[in-house]
Amino acid sequence: MEDIMSICRAHTSLTAMQQELLKRTLVVFPFLADLAHARVRMYLLRRDKKSFVVAAEAWPHTVYLTPEPPCIGAVVPAMEEPLLCRVLQTGRFSQGKREQNYGSMIDMMAQPLFDGAAPIGIVTFETTHENRSIEGYSRLLDAARMLLKNARKHLEPAMYQPLSSSDGIVITDQFNRITFATTAATRVFRVLGVSNLVGGHLFDRKITQHIRKETQVTARPWEREIEIGTLVLLDRNIPIMEGGRLLCRIVIISDLTELREKDREIKVQSAVIQEIHHRVKNNLQTIASLLRLQARRSKSPDVKDALKESVNRILSIAVVHEFLSEQGHATINVKEIAEQIFSLVAMSMVGRDFDLQTKCEGATLILPSSYASSLGLVLNELVLNATEHGFDGRHKGTMQLVTAEDAQGYTLVFTDDGCGLPEDFDPVHARSLGVSIMRTLVEGDLGGAIAYDAPPDGGTRVTITFPRKS
């Protein structure tokens, strides 16, 4: 979709300053659409003076309008838009109707945008007759028009975020007397003990008893979150000024009570999950300690080796839980887990005189925590196999993990510079427990594939690919 600057350059003779002026107004476009309960469009006269181009549009979130395909960049003959032509000629706000499709009419209000005395564009508000019939709609439209004129200034986008149908809207006049209030706003203030909004003063003590005085009197837009009993409200106050004089004030009241309650629940759940991970890690380390004790007492070398492998498998899972308990996130960093497992195995599986070098390279893979245990065990088995078989009889060795990501999923490539795979190695029928565990985890848990080969420089290379989880 084209942006307004490229549309201006392609279709109009507007100067760079005029183009920048139009671009500034787009900050308030979504807010205008919600405020006026209308589809908002910007039309610019093209160089040929016989047609208009649609430079921008925004749809409301506060009411339903019949959907239409996006029309930014569309060219409209001037003869089909008499209302736009009238506004361009007179330089005045005009109202009328236009045919939406096949005889269906829609109300249309058009506001010129000026640079000096000459109109440089037109903003239209298009809505249904039913939406315009709500009591006090003219106040909403007038406020939207004033805000549109005010958009020539540099405005803070955060203050003009789109509204929702549940947000309350209050409009005041230049004396801060309330001239319009939506049903949602009336309902919120009724809970605060204010029964009649329209006609009252916005800064009446009953209305402002929960808002600081210094916040009320500022001429700049502000917002403040207020807790009143069990209610949590977001009060957004937008004064529209001209020459240092207040024209009107737009106040948005959002009820955040349910949202904040959910936030608190999520924080509690997150703390509980972190504590569970921490306790699981501690329990796994306790089990590993008991197995180590058993291994020391055993006189069978085979039993010692089996228990030693079991300890490392348990500790690799403990590493995952420790990582999740410390980070407190629902995601894992594959490189960080790999580095911890490399360090763990280096301390427990090789002798002190063995020079083990490890590397983690490639893309930073941030994956859902549901991958964590399976990946931790797979990485552990890769490292165990390398230290037990690849480096047998050697004094040094190197292990490397390279990660990658593409549109299909993820790739992990593990290599070592050990003695390589046996000539008759068959991963499908191999009796090795480690190979069997890796195949089960990769194919069963991750839904991926695992392949073994020998790099040109010797050693072993294991490539693991698995798709994204939906």
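The model is predicted. Across the structure there are 16 salt bridges and 4 aromatic pairs. The largest pocket holds about 370 Å³ of space.

**Salt bridges around Glu 126**

- Side chains of opposite charge can pair when their charged atoms come close.
- Arg 41 and Glu 126 form a salt bridge, with 3.9 Å between the closest N and O atoms.
- Arg 41 has a relative accessible area of 4% and is buried.
- Glu 126 has a relative accessibility of 0%, so this residue also counts as buried, the limit being under 20%.
- Glu 126 also meets the side chain of Arg 98 in a salt bridge, at 3.2 Å from N to O.
- That pair links distant parts of the chain, as Arg 98 lies in strand E4 (residues 94-101) and Glu 126 in strand E6, 28 residues apart.
- Both Arg 98 and Glu 126 are buried.

**A salt bridge between Glu 405 and Arg 468**

- The side chains of Glu 405 and Arg 468 form a salt bridge of 3.0 Å, N to O.
- Glu 405 is in strand E15 (residues 396-405) and Arg 468 is in the segment after E18, so the pair links distant parts of the chain, 63 residues apart.
- Glu 405 counts as partly exposed, at 42% relative accessibility.
- Arg 468 is likewise partly exposed, at 38%.

**The salt-bridge network**

- Salt bridges with shared partners join Arg 39, Arg 41, Glu 57, Glu 68, Glu 81, Arg 98 and Glu 126 into one network.

**Aromatic pairs and a charge over a ring**

- A pair of aromatic rings is described by the distance of the centres and the angle of the planes.
- One of the 4 aromatic pairs is formed by Phe 31 and Tyr 160, which are edge-to-face, with 5.8 Å from centre to centre and 90° between the planes.
- Phe 31 sits in helix H3 (residues 29-36), and Tyr 160 in the loop between helix H6 (137-150) and strand E7 (168-172), so the pair ties together parts 129 residues apart in sequence.
- Phe 31 is buried, at 0% relative accessibility.
- Tyr 160 is buried as well, with a relative accessible area of 3%.
- The ring centres of Phe 425 and Tyr 452 are 5.1 Å apart and their planes are at 70°, so this pair is edge-to-face too.
- Phe 425 is in the loop between strand E16 (409-416) and helix H14 (433-445), while Tyr 452 is in strand E17 (residues 449-453), so the pair ties together parts 27 residues apart in sequence.
- Phe 425 is partly exposed, with a relative accessible area of 25%.
- Elsewhere, Arg 145 lies over the face of Phe 93, at 3.8 Å from the ring centre.

**The largest pocket**

- Rolling a probe the size of a water molecule over the atoms shows where empty space is left.
- The largest pocket has a volume of about 370 Å³.
- This pocket is lined by 21 residues, and those closest to its centre are Asn 385, His 389, Leu 421, Pro 422 and Phe 425.
- Helix H13 (372-390), E16, H14 and strand E18 (460-467) each give at least two residues to the lining.
- H13 supplies the largest share of the lining, with 5 residues.
- By type, the lining has 11 nonpolar, 6 polar and 4 charged residues.

Notes
Residues numbered from 1 in each chain as written. Predicted model: local features only at pLDDT ≥ 70, side-chain atom pairs only at ≥ 80, totals over all residues. Heavy atoms only, no water. Phe/Tyr/Trp six-rings, centres within 6.5 Å; stacked < 30°, edge-to-face > 60°. Helix = DSSP H or I, 4+ residues; strand = E, 2+ residues; numbered from the N terminus. Buried < 20%, exposed > 50% of the residue type's maximum accessible area, 1.4 Å probe, protein only. Lys NZ or Arg CZ within 6 Å of the ring centre and 35° of its normal. 1 Å grid on protein atoms, 1.4 Å probe; cavity = no way out; pocket = protein on both sides within 12 Å on 5 of 7 lines; lining within 4 Å. Points joined across faces, edges and corners; volume = space filled by probe spheres on them. Nonpolar A, V, L, I, M, F, W, Y, C, P; charged D, E, K, R; others polar. Salt bridge = Lys/Arg side-chain N within 4 Å of Asp/Glu carboxyl O.
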